[in-house]
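Subject: Structure handover

Hello,

Here is the structure I promised to pass on. Please open it alongside this email. My notes follow below.

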Amino acid sequence: MTKEKTSLLMDDGRRLDGRELHELRPITMQSSVLDRADGSCYLTWGNNKIICAVYGPRELHPKHLAKPDRAIVRVEYRLATFSVNERKSPAPRRREYELSKLIKESLDAVLFLEKFPNGTIDVYITVLDADGGTRCAALTAASIALADAGIPMKGFITGCAVGKVADKMVVDLSDVEDKDGQGDMPVAMNFNTGEITLLQCDGEFTIEEVKEGLSLAIRAIGDVYKLQREAVLAKYTQIEGTTNDVGDEEE
Amino acid sequence: MRSEEIVGVLEKQYITKLLEKGKRADGRKFLEGRPVQIIPNVIKKAEGSAMVKWGETVILAGVKAQLGSPFPDTPNDGVITVNAEISPISSPTNESGPPGPRTVELARVVDRGIRESKIMPMKDPKLCVIPGKKVWIIFIDVYILDDGGNLIDAAALGAMAALANTRLRKVVINEDLEEVTLLEETEPLPRNGSVASLTFAKINDSIFYDPNLLEDRGKEARFSFAMTDKGIICSMQKGESGVFTEEEFTTILDQGATLVAPLLEKIEECSQFPEMNEMYQFDF
Amino acid sequence: MTLLVSKNQLVVPGEVLARGSGVDVAGGVYRKKVKGETEIIASMIGLVKIRKDSVGVVPLEGCYIPLEGDIIIGKIVRVGITSWNVDIRGPYVGALRVNSVLDRDFDSLRESLEEVLNFGDIIKAQITYFDRTRDPVLTMQGRGLRKITHGRLIDVDPVKIPRIIGKKGSMIQLLKNMTNAQIIVGQNGRIVVSANSVEKENLVIRAIRKIEAEAHTSGLTDRIRAYLEEEKKNL
């Protein structure tokens, strides 16, 4: 164990990929990338590559699943077969079902489902290249795709994992740190309201470490949220000589 | 059935009227394909990969390789298998769930094109590591990300391009123990030539190459075939309920060499790397 | 109230626009009590709209939510015995009864509905009833409501429709006058364009796409006029 712990940090105290303990990997996000989906987002986070498409609110098939007082949210989180070290079978595994459920529950918290009785909002996420922290990245991408689809939301869900490596709490675990480290703790929240919608951990943490991790995660989520907001607004580029105006006086 | 699947009368009327005048909805000539872009080596975890943007269609193909046992009837051959996923990401009409007939047909047509072209030297010691015992099993998985029509040609090109930049780990064989050790060092997947698919669609009596989404939805019949760099036809698939005459088939096949050349060229371009393991970024 | 944003500012869901009581909310926002104080928060991507006592967001993305009285362009997706189901590009499928189409009696034993409206037919119709718990009810009895038999159907973002129509119909009138095209606009984000040439139809469609892409900017009508003048030279 000792050998593993030390091998994840370099002599200068930096992480194997050169990051500081509390440093995020490079993140890019782009909305409206797909022609056919109502809303979409392509996100890269370190070596993670995630595509998300949103449809809806739309009619639900089969109809018997419909709720007369609200829309349902269906989330499908999937790993592409080639996104992981050992080829994954194309059929979804238990992990994918569990994460789909958790992502759905997180998104439920920010959607106005009562506005669309009997309908469905479908969120499809595929991890094309996986490198640790995919559920947090997936939630971040899904929020952008939902906003891009014009689905009313209370706010974005933004995620970031923290974890324990060589007895230190670090931000945004890479795949290697996730596998060989002492613990992983994904967090997602509506950053504007401070409402935490997802919290998990596996590994061993003291109560103090959990507290420290949570506060580190929230700080990192604040940084990711800024990127998320910029990415959404990037689509509405300014045209020289004009100002923002939807001409609502014209209606 | 989702309402999006129903082609509106106006849309169908518009393409048919234009076709009668010898024109296509997007201004292309009957034998003109859409712009095609291949971005190779985009997935870090894959042994080979390629994103293909074919007009409005976007697909991502990835190759994974693992050592395994050969099939009993071909003990001296490596194994190759193509799987497709018409993801619900790609269109409002694609539902999630186990692969339907359309997905299975797509996978099998792409698979046949590559398999029957014999461009993969399955008996090569680089693929058949210990005859009868250990061979490389090559999985090609094609994900449809944006369905803008003509999935077969885009998927086939993606699969081929992904193979063209696939690198396998070198192996050390311990003959006595019949054990194989994987090294970190990699080498290109052996390959003799390349293959590409060409798809034609028929609406009324008009036959044209590379149907876009509107044409794909309105088509009565489809004909796809795969052609190698040696001009050999190695797979054909006629699809949908419409029909073709003998003359129509021969006219289509005569176009093969001309249309396949630019695609094969693109495959060769993307398999020549400036550096062995350079990763490319893609966008949409 | 305390305003935290300025007029026409671009916002995303979750951004707090105003605090304090006495603020009315317009669309695109919701109210939340935080520590005894009311916050008005954006629920859509859009531009902030400020009126005397209200604040809201004019959305730049959004799906179609039916409103009674809306004129829409629908697609017949199911033909029943005495009614049709109509895709209106929203979360709900519209219901169109035969007595809202024909002003005569319909004999379901002798006639079939397909002869009136068939699968895939495109119609201009009006929403007469909708309350979110039941599917919207449509009618084709009214001025200009009919089956659309020719033209090019395009889908646009439903929230951009007011911009495509323009102030008192100024934008749509501009498009029609400069191209002599017939343009039917459905509130549900569907437009049918027909002109005497495909090239002219393509020009109208390109102009509509430009309006969609630049819907958030000022001086759009002038830019579209200049665009059409320039592009018409190439026709």
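In which strand of chain A is A:Pro57 found? A:Pro57 is found in strand β3 of chain A. Strands here are DSSP runs of E with at least two residues, helices are runs of H or I with at least four, and both are numbered from the N terminus.

First, the ground rules. This is a predicted model: local features need pLDDT of at least 70, side-chain atom pairs count only at pLDDT 80 or more, and totals for chains, interfaces and linings use all residues. Residues are numbered from 1 along each chain as its sequence is written, while chains are lettered from A and ligands numbered from 1 in the order in which they are written.

**Cis peptide bonds in chain A**

A:Pro57 is joined to A:Gly56 by a cis peptide bond, with omega about -5°. Another cis peptide bond joins A:His61 and A:Pro62, and its omega is also about -5°. A:Pro62 sits in the loop between β3 and β4 of chain A.

**Chain A overall**

Chain A has five helices and 10 strands. Its radius of gyration is 19 Å, close to the 18 Å that the globule rule gives for 251 residues, so chain A is as compact as a globular protein of that length. That radius is taken over C-alpha atoms, and the rule is 2.2 Å times the number of residues to the power 0.38. Along the principal axes, the C-alpha atoms of chain A fill a box of roughly 65 × 50 × 35 Å.

Of the 251 residues in chain A, 54% are buried. Buried means 20 or more other C-beta atoms within 10 Å of the residue's own; exposed means 12 or fewer; partly exposed lies in between; C-beta atoms are placed from the backbone. Take the contacts in chain A between residues at least 6 apart in sequence: 69% join residues at least 24 apart. Two residues are in contact if their C-beta atoms, placed from the backbone, lie within 7 Å.

**Two residues of chain A**

A:Leu79 is in strand β4 (residues 72-79) of chain A. A:Leu79 counts as buried because it has 22 C-beta neighbours inside 10 Å. Neighbours within four places in sequence aside, its contacts are A:Val84, A:Lys88, A:Glu96, A:Val127 and A:Ala130. A:Glu96 is 17 residues from A:Leu79 in sequence, and their C-alpha atoms are 7.5 Å apart.

A:Ile196 is in strand β9 (residues 195-199) of chain A. A:Ile196 has 17 C-beta neighbours inside 10 Å, so it counts as partly exposed. With neighbours within four places in sequence left aside, A:Ile196 is in contact with A:Val187 and A:Met189.

**Chain B**

Chain B has six helices and 12 strands. Its radius of gyration is 20 Å, close to the 19 Å from the globule rule for 284 residues, so chain B is as compact as a globular protein of that length. The C-alpha trace of chain B spans about 70 × 35 × 35 Å along its principal axes. Buried residues are 46% of its 284.

Helix α3 (residues 151-164) of chain B has 14 residues. α3(B) is mostly covered: 14 of its 14 residues are buried.

The mean pLDDT of chain B is 93, and 98% of its residues score at least 70. pLDDT is the predictor's confidence in each residue, from 0 to 100.

Chain C is divided into domain 1 (2-58), domain 2 (71-148) and domain 3 (152-232). These bounds come from an automatic or database domain assignment. The C-alpha centres of domain 1 and domain 3 of chain C lie 31 Å apart.

Chain A puts 36 residues in contact with 39 residues of chain C. On the side of chain A that touches chain C, β3(A) gives the most, with four residues. By class, that side has 15 nonpolar, 10 polar and 11 charged residues. Nonpolar covers Ala, Val, Leu, Ile, Met, Phe, Trp, Tyr, Cys and Pro; charged covers Asp, Glu, Lys and Arg; the others, Gly among them, are polar.

The contact between chain B and chain C takes nine residues from chain B and 14 residues from chain C. The side of chain B that touches chain C has six nonpolar, two polar and one charged residues.

Best wishes

Note on methods:
The expected span of a helix is 1.5 Å times one less than its number of residues.
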